[in-house]
Amino acid sequence: SDQRPPTASHRLYSTSRNGQTMIRLELVKGPSTRTAENSRIGGFVVEGLPPRPAGALSLDVYFELSSTGTLYVTAQERNTGQRAQGTFDLNFA
């Protein structure tokens, strides 16, 4: 079987607009730094965030890739604990 070592990563994001109450996470894979030039994996939304000035909310996003190609993504807002998650099959086979 074509198994790879599991890996994990963490990124910190923040809101980009004043009063923003949701953040949409879109996941892509590919070699380009331009989102549109890569393949979409999927996405999900973190909702129910309190409206604050742009940049005032911090969202921790954790990525865990299993050895079989399943990507687990968890996003949690630092102050409120509001969270969302998604599971995506990257088809390593």
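Two strands count as paired if DSSP finds at least two bridges between them, and strands themselves are DSSP runs (E, at least two residues) numbered from the N terminus. With that in hand, welcome to this predicted model, in which local features need pLDDT of at least 70, side-chain atom pairs count only at pLDDT 80 or more, and totals for chains, interfaces and linings use all residues. Residues are numbered from 1 along each chain as its sequence is written, and side-chain values use heavy atoms, with hydrogens and water left out.

**The β5–β6 hairpin**
- Strand β5 (residues 70–77) runs antiparallel to β6, and seven bridges join them.
- Across this pairing, Val-73 sits opposite Gly-86 of β6.
- Five residues lie between the two strands of the hairpin, where Gly-81 takes a positive phi near 80°.
- Side chains alternate along β6 (residues 83–89): Ala-84, Gly-86 and Phe-88 point to one face and are buried (under 20% relative accessible area, 1.4 Å probe, protein chains only).

- Setting aside neighbours within four places in sequence, Val-46 is in contact (heavy atoms within 4.5 Å) with Thr-21, Met-22, Ile-23, Leu-59, Ala-75, Gln-82 and Ala-84.

**The largest pocket**
- A pocket here is an open set of points on a 1 Å grid over the protein atoms alone where a 1.4 Å probe fits, with protein on both sides within 12 Å along at least five of seven lines; lining residues have an atom within 4 Å of a point.
- The largest pocket holds about 310 Å³ of space, a volume filled by probe spheres set on the points.
- Its lining includes Arg-11, Tyr-13, Leu-27, Val-61, Leu-71 and Val-73.
- Strands β1 (7–14), β2, β4 and β5 each give two or more residues to the lining, and the largest share, five residues, is from β2.

**Ser-66**
- Ser-66 lies in the loop between β4 and β5 and counts as buried because its relative accessibility is 18%.
- A distance of 9.7 Å separates the C-alpha atoms of Ser-66 and Asp-89, which are 23 residues apart along the chain.

Methods: Buried < 20%, exposed > 50% of the residue type's maximum accessible area, 1.4 Å probe, protein only. Helix = DSSP H or I, 4+ residues; strand = E, 2+ residues; numbered from the N terminus.
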